[in-house]
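Thanks for coming, everyone. I have one structure to walk through, and I will keep it short. Here it is.

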Amino acid sequence: MTDSALDAGGDQAAQVAGPHQASGSSASAPGAMPGALAVQAVDMTKRFPGVVANDHVSFEAAEGEVHALLGENGAGKTTLCNLLMGLYRPDEGKLSISGRAVRFHSPKDAQDAGIFMVHQHLRLVDSMTVAENVVLGWSKPRRLRFSPRKVEKAVAEAAERFQMPVDPKARIWQLSLGERQRVEILKALYRGAKILILDEPTTVLTPQEAEQLFSSVRDMAADGRTVIFISHKLPEVLAVADRVTILRQGRSITTVPTAGTDAEHLAGLMVGREVSLEATAKGSEEPGPVVLELAGVSARGDLGTEALKTVTFDVRAGEILGIAGVAGNGQRELAEVITGLRGTTAGEIRIGGTRLPMGDPRAAIDLGIAYVPEDRMGTGISPNLSIAENLMLKSYRGKTMRSGPVLSNRKANANAREMIKRFDVRAPGPRTLVRQLSGGNIQKVLLARELSSEPRVVVAASPTRGLDVGATQYVRQVLVETAQHGVAVLMVSEDLDEIFELSDRIAVFYNGKVVGIVPAAGANRQQIGLMMAGAA
Amino acid sequence: MNSNIVIAVLVSAIGFGTPLVLAGLGELLAERSGVLNLGVEGMMLMGAVTAFFVSQKTHGPTALVLLLAVLASMVAGSAMALIHAVLSITIRVNQIVSGLAVTIFAGIIGLSSYLGQVWNIGGVAGHHQFNGIDLFGLQNLPIVGPIIFSEDAFVYASWVLVLAVLYYLYRTRPGLYLRAVGENPAAADAMGINVTAYRYVHTLIGGALAGLGGAYFTLALAPIWTDGLTAGFGWIAIALVIFAFWRPDLLVLGAYLFGIFSALGPTLETRGITVLPSEFYSALPFLMTVIALAAASTSWANRRVGTPASLGIPYTREEG
């Protein structure tokens, strides 16, 4: 698994290098140290009550360099960016841009200095056109009048100049996520960005879109710009960056050139100990009988449009079926339909041969469906209730939580203590409010509630999103063990690595349809990527 | 004879529609910035009572008195809007709660009624009033003459205002920024647009226009002050904005359509035509409001054309 990911990374680098060398620039061969210093951060420190988010962080990036900031969640990447962007002011340390010491008081100061950031959650106005978004808040020379035609023309010229093909008249909601990201980058370039910060930019992209992005990043570097590339994905850092600065627990550990390092080494630096990138063992060898069956299921989305179109597949006992796809292609609706949260317009869902009544969550629970939703804090748990209370949200009707006609706190607490131990939840006790826990522990509470009900089917949507490496490993391990115990697991994820690591079979969703179902063993990443983009 | 009735209804419809155009435009601007203002009715009443007070107690040439009265109504309306703005934008109180509070505070048996009593202006006819202008000397044209070319300055001003708001929204940069603030304040903020300032300014302008709409009652429609004389027009104005999909051009059409519903009863009554009981005609605009709102929330409109995406949601800069 690891090897193939690395190979893919290497391929990407090779493919990317081609065109940009052909365009006549040799300024930014990976590993070289071209140009003058663009960004120099020295001993940047930022404290929050109780934590030091950045503890003497130093790094420097040159003009024409792609510099990656690599670290786990909570390693201080976001804080560092907010310092660079002027959202926070450093408690200590200094920042120089192009050799001059700067003190930013607001994002506007940073933008005036040529620093722009493309956030993970894009900052675009969906109902407006590309052109309107590009000029939003930006008028040089200052003008009161706004002429859509002129602005569209100017943006079209800029799109051509920066090789960011996009239709200036298109409205944002009509675009794919990859195109939207291009608009965001174009917006920065249009405003004269010299230093561009990309925050986890590939999260929402198909592999092909990611490659296009890498190619654009290399082009921008070849034009003398500095790109700061934030990521926790090793292959893409190796593919796109010249150098990597590793952050761990708020400190900058070291900076290494990507040439002459490898994923294992970087992972070790990132986590602080030797890590094996061996894949987690998969589900049981011989899948059992079909447990979950969907036959021609259609359903509407929130806006009344058809979100699922005659979806047909089945999941067997002991099997993990991974649902791959770019976000918003019907995955959420799929999970909601199976768990009874959303009604269907056609088709049938069967659990172990029994037909699931439409839009009845309790019937789904009674038939043995467990749900680990994507929206952990909203749908999954009730943040203002305690661990014990959250754990009995599905079982309070049963005898185990009762004492006569009333709920028994004693039984609930005893149950919670057992679950806390079994699922390794780090919490003071059963009465702790769930909102006081970390993301990983919240997910463990959720898993404890869902899996302890001895389900036949587990629907897990983006189960590791936002979790750190340790919690991610744990959650994946739990899912695999659950499958090994004969449960049918349906896992929705936008993270292809996760899909490949855990799934026995992969179903690709595009535009509400199952484009194809392939066995994970021997599946081709490129092929899956094309299917995700609707091209195959 | 029949065409006379139609003309009379239309003339009267413009009269009833004008306060809706003014207050509706104000609400539209506020909502475009993401602020739902349910205080319109209270702001209109405050505008109405202040304008009437100024027009009664100030002495001087009619034009000057009326100008002062109009300005006073706008100040009164924005003062009420300022309360709503501070509560809902700065303190981030629920906008529905805050808007309702303003209407209860300023509305009937609230501040406006109190001021009417303290100032002792109730029940007497006004000294000054806006009269029809013979625009371009075309007053005597058949049909369009009485409807379009003999309105008062207020009406003409409201027409200019509609064009101005249209131009502002779609052809100026502040208008573009305003739409962005209402749709995605985080995106606007990231682009250096001052979300708070945009929301304050447009909520205050909204209040001023609501006050102006109120002033139309006491300075033009029927120069007299009685408690709660706006009679729910503030609520109709809010409904109109939804009905018009947040577009000024549709808002004008809607306002005059409601003007027709409002004008129908009184016009027929003065001519002694009683097909249906007069209560029915009085209820008609409100009945139509319910129908319009129901229609605007049906599935074909459910594509939610035009609803500012951040409407009703206080903006907090996320710092994580």
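Start with strands β9 and β10 of chain A: they pair in the antiparallel sense, over 6 bridges. This is a predicted model, so keep that in mind throughout. β10(A) covers residues 251-257. One pair to find on screen: Thr245(A) has Thr255(A) in β10(A) as its bridge partner. The two strands make a hairpin, with 2 residues between them. Look at Gln249(A) in the turn: its phi is positive, about 50 degrees.

Now the other partner of β9(A). Strand β3 of chain A, residues 66-70, joins β9(A) through 4 bridges, and these two run parallel. Here Ala68(A) stands opposite Val244(A) in β9(A). Is β9(A) mostly covered or mostly open? Mostly covered: of its 6 residues, 5 are buried. β9(A) itself spans residues 243-248.

Next, an open sheet in chain A. It has 6 strands, in the order β16-β19-β20-β13-β21-β22, and the pairing is mixed. Which strands stand at the edges? β16, residues 369-372, and β22, residues 513-519. Each has a single partner strand, so one side of each has no neighbour in the sheet. From one strand to the next, the twist averages 20 degrees.

Go inside that sheet. β13(A), residues 320-324, and β21(A), residues 505-510, run parallel and are joined by 4 bridges. Leu321(A) has Arg505(A) in β21(A) as its bridge partner. Two helices to look at here. Helix α18 of chain A, residues 525-532, packs on the sheet. α18(A) touches β13, β21 and β22 of chain A, and its direction makes about 30 degrees with that of β21(A). Then there is helix α10 of chain A, residues 331-338. α10(A) lies across β13, β16, β19, β20 and β21 of chain A. Against β19(A), α10(A) runs at about 150 degrees.

β11(A), residues 290-300, pairs with β12(A) over 7 bridges, in the antiparallel sense. Val290(A) stands opposite Arg316(A) in β12(A).

Zoom out to domains. Chain A is divided into domain 1, domain 2, domain 3 and domain 4. Domain 1 is 1-23 + 35-114 + 194-278, and domain 3 is 280-368 + 456-536. How many residues does domain 1 of chain A place in contact with domain 3 of chain A? 12, facing 16 residues of domain 3. On the domain 1 side, α1 (2-22) and α7 (207-222) of chain A each supply at least two residues. By class, that side has 6 nonpolar, 5 polar and 1 charged residues.

Now the chain contact. 21 residues of chain A are in contact with 21 residues of chain B. On the chain A side, helix α3 of chain A, residues 107-112, gives the largest share, 3 residues. The classes on that side are 10 nonpolar, 6 polar and 5 charged.

Over to chain B. Helix α2(B), residues 40-57, has 18 residues. From its first C-alpha to its last α2(B) reaches 26 Å, close to the 26 Å expected. α2(B) is mostly covered, with 17 of its 18 residues buried.

Last, two backbone points. Most residues other than glycine have a negative phi. Asp43(A) is not a glycine, yet its phi is positive, about 50 degrees. Asp43(A) is found in strand β1 of chain A, residues 37-48. Why does Asp43(A) count as partly exposed? Because it has 14 C-beta neighbours inside 10 Å. In chain B, Ile109(B) also has a positive phi, near 50 degrees. Ile109(B) is in the loop between α4 and α5 of chain B. Ile109(B) counts as exposed because it has 10 C-beta neighbours inside 10 Å.

How values were computed. Residues numbered from 1 in each chain as written. Chains lettered and ligands numbered in written order. Predicted model: local features only at pLDDT ≥ 70, side-chain atom pairs only at ≥ 80, totals over all residues. Domains from an automatic or database assignment. Contact = placed C-beta atoms within 7 Å. Nonpolar A, V, L, I, M, F, W, Y, C, P; charged D, E, K, R; others polar. Expected span 1.5 Å × (residues − 1). Buried ≥ 20, exposed ≤ 12 C-beta atoms within 10 Å, placed from the backbone. Pairing = 2+ DSSP bridges. Axes fitted to C-alpha atoms, helices over the stretch in contact; angles between N-to-C directions.
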